[in-house]
Every structure is written in structure tokens, then in C-alpha cells.
Amino acid sequence: MDRWSTNPPLLSTSSPCQQRIFQNENVIKRHITTLRLILLGSRSVGKTSVGNTILGFKGKEDGKRTAQSAVRRGFVDETEVTLVDTPGWWKGFPVFDTPEAIKEEIMRNMFLCSPGPHIFLLVIDADMSFNARNLDAITTHVELLGEGVWKHTFIVFTKGDWLGAKPIEECIEGEGEALQTLVEQCGNRYHIINNKNAKDGAQVTELLEKLTEIVVGEDWEHFVPDERILITIEKRRRIVEEAAELRKERVKARRKSLTGTFKSHSVAGN
Ligand SMILES: Nc1nc2c(ncn2[C@@H]2O[C@H](COP(=O)(O)OP(=O)(O)OP(=O)(O)O)[C@@H](O)[C@H]2O)c(=O)[nH]1
Ligand SMILES: [Mg+2]
């Protein structure tokens, strides 16, 4: 049977985030019924591809710029996974350089999976170098989401195919202080994915196991987005829309008055 599906499995229960524990050959496997994830990262790092790999979607939208946040859902085994894909920021540029519309999309995403995401998947491409500028860019963008965000952030390294047999730990160590600081900031939670080998179910199984382990942890709650952020975004949007409407009215009025002047000149000239 295919492990990926868009339909609920027969065994699914309606209780959100209920966990089941299966014991098999001395291995305890925990399952959660729902998992809400948000993909974050700079442009072209492979956010959409990670979403496709997790949900088992074949090549949908990857390589095409994500301009607006989008919610996608599917079942991975018995877990209903909700994934919010988001537009990326320019790599290595701090939040100060990011257009307001992109910042708003990044912040709005956490309100698209009510009551809030379990985990933010911070996507980083393992084939590129990582320096202090990258760290600053990531930190300033992630912190747009509010307090407590780091506790809920998990790094997904993409382009695992570029590493070959080299373990990701070796890369983290070799890359230097900036990447090590980020990994520590995320509580040493990370996983490496090769989106070009999406048929390798083991990498998704392992990722989901790591995420499940976090979600079922003692005293662990999903991220609760600060409603004030949404109110501010909506207020700002209304102001922008009203200003655009006003500009449109002004242009219309000016066009009308110019047409009137032109007509009266033509009549006078006849
Ligand atoms: N070799 C390799 N290429 C990958 C991998 N993951 C993604 N890519 C490629 O990287 C490019 C960008 O992938 P996307 O998933 O569209 O990246 P994104 O972060 O969603 O991009 P934006 O929406 O534009 O910000 C595409 O050409 C993918 O095929 C990977 O693991 N290995
Ligand atoms: Mg994308």
C-alpha cells in the first residue's frame, strides 16, 4: 500500500494530535494523528521540494517561485500532515531589505494552520557555503514570527545528493561558527533530505520520527501565534488598499477633468 495519501486512513481518529504507541520487536514507535508544519527559508533553497518529498507529491511546483503562502495537506502513513509553503527572502539579506509584502506573507503563514504550527521547518541548502550574513538573514526573518519561535524551529538541509557519503555533521563542523550557532539555536534539531531521490521513503520516515519525538515531548506545546501580528498585518493591508483606491479615484477624476477641458477647447475651436 502507498504510504502517502490525500484521504484519511481507516484507523484515523478525530482527536487532534492524539498519539498512539505501537510496540514491535522491542521498538517503541510513536504516531501522532496530526502534524502542522511551516516551511521557511531563503529563495530557491528547496522549500517547495521538501513539501513535495514529505507529502509524496511528484514534482509539483518545485523550481517555480512561490510568491504566496499556500497550504497543502496529505497523509503520511497515519499522520495527517498540513504544510504551509512560503515565499523566500533573498539569500544573505537581512529582513530590513525584504519587501513588506514578503515579510507579511512570512508572518501570515502561521495563521494558516490553526491553532498554530507544531514546527517551523527552516530549509537550508547544504551545497552552499554559510557565513555570518546568512546567519543574520535567517535570524532576522525567523524572529519576525515572535517569541518562542526558536524552540519550535527544526533545520532541514536539502541537496543531500551534493554531499554524497559525507555526513551532515561533518559539514556543520566544517562550515564554521555561523552554521554551528544556528544549529545550536535550533536545539541541534536537524535532518538532511535529498529531494532528487523523493522515492527514498526512509528519509521521510526518519524526519517524521524526529518531528514526532519533539511533538510528543513532555511539556511541549505547539507554537501559539501572537494575534497582534495578524491585526497589524491586516491594518497595514487596509491602509495600503485604501491608499490605492484613493489614487485610482484621483486618476479617474483627473482624466475626467482633462477630457472636459479637451471637449470645451474643441467646441470653442469650431
Ligand atoms: N540537486 C538537488 N536539487 C534540489 C533539491 N531540492 C531542491 N532542488 C532544486 O532546487 C530548485 C529550487 O527548489 P524549490 O523547491 O522550488 O525551492 P524553493 O525554496 O521553494 O524556491 P522559492 O519558492 O523560489 O523560494 C529546483 O530546481 C529544485 O529541483 C535537492 O535535494 N537536490
Ligand atoms: Mg517554493
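Begin with Lys159, whose place is in the loop between β8 (153-158) and α4; helices (H or I, at least four residues) and strands (E, at least two) are DSSP runs, numbered from the N terminus. Lys159 is not a glycine, yet its phi is positive, at about 65°. With 19 C-beta neighbours inside 10 Å, Lys159 counts as partly exposed, a class that lies between buried (20 or more other C-beta atoms within 10 Å of the residue's own) and exposed (12 or fewer), with C-beta atoms placed from the backbone.

Before going further, note that this is a predicted model, in which local features need pLDDT of at least 70 and side-chain atom pairs count only at pLDDT 80 or more, while totals for chains, interfaces and linings use all residues. Residues are numbered from 1 along each chain as its sequence is written, and chains are lettered from A and ligands numbered from 1 in the order in which they are written.

Select Asp77 next, in the loop between β5 (70-76) and β6 (79-85). Asp77 also has a positive phi, of about 55°, although it is not a glycine, and it is partly exposed, with 16 other C-beta atoms within 10 Å. Then move to the loop between α2 (100-108) and β7, where Pro115 is found; the peptide bond that joins Ser114 and Pro115 is cis, with omega about 5°.

Now show the whole chain, which has eight helices and nine strands. Of its 270 residues, 29% count as buried. Among contacts between residues at least 6 apart in sequence, 75% join residues at least 24 apart, a contact being a pair of residues whose C-beta atoms, placed from the backbone, lie within 7 Å.

Turn to ligand 1, which 20 residues surround, the closest being Gly46, Thr48, Ser49, Thr66 and Gly88; a residue counts here if its C-beta atom, placed from the backbone, lies within 6 Å of the molecule. By class, the shell around ligand 1 divides into one nonpolar, twelve polar and seven charged residues, where Ala, Val, Leu, Ile, Met, Phe, Trp, Tyr, Cys and Pro count as nonpolar, Asp, Glu, Lys and Arg as charged, and the others, Gly among them, as polar.

Which residues have the most contacts inside the largest nonpolar core? They are Ile38, Leu39, Leu121, Leu122 and Val123, in a core of 45 residues, defined as a set of buried Ala, Val, Leu, Ile, Met, Phe, Trp, Tyr and Cys residues joined through C-beta atoms within 7 Å. Strand β7 (residues 119-125) supplies the largest share of this core, six residues. Leu39 touches, among others, Lys47, Val50, Leu83, Leu121 and Val123, when residues up to four places away in sequence are not counted.

In α3 (residues 132-142), the buried residues are Asn134, Ala137, Ile138, His141 and Val142; they cover an arc of only 115° around the axis, which puts them on the same side of α3, the arc being that of the directions from the helix axis to the C-beta atoms. Their cover includes β4 (34-40), α2, β7, β8 and α6 (177-185). In α7 (residues 201-215), select Val204, Leu207, Leu211 and Val215, the buried residues of that helix; seen down the axis of α7, they fall within an arc of 75°, so they line one face of the helix. On the other side of α7, Ala202 and Glu213 are exposed.

Technical notes
Two residues are in contact if their C-beta atoms, placed from the backbone, lie within 7 Å.
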